[in-house]
Amino acid sequence: MGAGGPVEDEHKWPPWLKPLLRESFFVQCKSHADSHKSECNMYCLDCINGPLCSLCLNRHEHHRAIQIRRSSYHDVIRVSEIQKFLDISSVQTYVINSAKVVFLNERPQQKQGKGVTNTCEVCDRSLLDSFRFCSLGCKIVGTSRNFERNKKISPEKKHLIMSLSDSDDSYSFGSHLRARSNHSFTPSTPPPTAASFRAAKRRKGIPHRAPMGGLIIEC
């Protein structure tokens with residue numbers, strides 16, 4: 001089964017996760033447009049009120065805030081930050097700029113490389129053997145009881161699965177402390193064009209295995 005153990009019939013996600021994965025980050029803050037620190041790459045888990053810039057955080061003192069980063073046009077978050085609040089087991093980790101990260105949502109993959117033995121259960125992206133999902137979003141969809149296993153699904157079906165599970169998902173802070181509960185879905189960054197995909201592909205080096213089970217991505 002890989003990391004993460006057997007699939008449960010129902011997962012309980014924290015209330016901020018699905019809104020987080022639906023957001024668009026790295027846009028200019030409307031409240032601080034004149035500042036050079038106006039890029040919105042922060043998110044408050046307590047307020048759940050959209051992307052924030054660093055200046056906005058002054059109004060969220062003592063709140064739980066996380067920073068979203070970007071790699072090849074896609075949003076990532078450092079494992080050291082997100083694992084404080086979520087169980088990210090079974091999600092592929094990568095090493096980017098010397099830090100281990102996970103992707104928020106799935107990324108397009110034109111074709112699998114030769115010798116691939118393991119792929120994401122939702123989008124078929126190539127993975128290391130010890131993982132089941134390429135992103136937090138794919139884990140949410142893949143562990144939903146509405147998901148049809150071993151069958152690739154369209155983006156429209158993924159949205160439907162998420163909407164059907166919204167009414168069932170709740171979050172227990174007590175269970176989070178015991179087992180670090182779980183996750184959500186919907187692309188936050190527009191898929192790259194064919195030209196940008198080729199450009200990104202040229203910039204990246206050959207992936208290598210990281211010492212702690214991740215992949216090294218050279219940006």
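**Salt bridges to start with**

Let me begin with a pair of side chains: R69 and E81 meet in a salt bridge, at 3.7 Å from N to O. By salt bridge I mean a side-chain nitrogen of Lys or Arg within 4 Å of a carboxyl oxygen of Asp or Glu. This pair links distant parts of the chain, with R69 in strand β4 and E81 in helix α2 (residues 79-82), twelve residues apart. Helices (H or I, at least four residues) and strands (E, at least two) are DSSP runs, numbered from the N terminus.

Before I go on, a word on where this comes from: it is a predicted model, in which local features need pLDDT of at least 70 and side-chain atom pairs count only at pLDDT 80 or more, while totals for chains, interfaces and linings use all residues. Residues are numbered from 1 along each chain as its sequence is written, and side-chain values use heavy atoms, with hydrogens and water left out.

Back to our pair. Is E81 buried or exposed? E81 is buried, with a relative accessible area of 16%, while R69 counts as partly exposed at 23%. The cut-offs here are under 20% relative accessible area for buried and over 50% for exposed, with partly exposed in between, using a 1.4 Å probe and protein chains only.

The structure holds four salt bridges, and I'll show you two others. One of them joins the side chains of R70 and D75, at 3.2 Å from N to O. D75 is buried at 3% relative accessibility, and R70 is partly exposed at 38%. Another is formed by R64 and D46, at 2.9 Å from N to O. R64 sits in the loop between β2 and β3, and D46 in the loop between β1 and β2, so this pair ties together parts that are 18 residues apart in sequence. Both ends count as partly exposed: R64 at 30% and D46 at 37%.

**The strands around them**

Let's look at β4 and β5 together. Strand β4 (residues 69-71) pairs with β5 in the antiparallel sense over three bridges, and the bridge partner of R69 in β5 is V76.

How much of strand β5 is covered? Strand β5 (residues 74-78) has four of its five residues buried. On to the next neighbour: three bridges join β5 to strand β7 (residues 99-103), and the two run antiparallel. Look for I77, which stands opposite V102 in β7.

There is also an open sheet of three strands, in the order β2-β1-β3, with antiparallel pairing. β2 (51-52) and β3 (65-67) are at its edges with a single partner strand each, so one side of each is left without a neighbour in the sheet. Strand β1 (residues 42-44) pairs with β2 over two bridges, and Y43 has P51 as its bridge partner in β2.

**Cysteines, and a buried serine**

How many disulfides does the model have? With a cut-off of 2.5 Å between two cysteine sulfur atoms, the count is zero. C44 is in no disulfide, and the nearest cysteine sulfur, that of C47, is 3.6 Å away. C44 is buried, at 1% relative accessible area. C138 is in no disulfide either; the nearest cysteine sulfur belongs to C134, 3.8 Å away. C138 is buried as well, at 0%.

S135 is buried, with a relative accessible area of 0%. Beyond its neighbours within four places in sequence, S135 is in contact (heavy atoms within 4.5 Å) with V91, F103, L104, N105 and E106.

**The whole chain**

To finish, let's zoom out. The chain has six helices and nine strands, and buried residues make up 44% of its 219 residues. Of the contacts with a separation of 6 or more, 58% are between residues 24 or more positions apart.

Technical notes:
Pairing = 2+ DSSP bridges.
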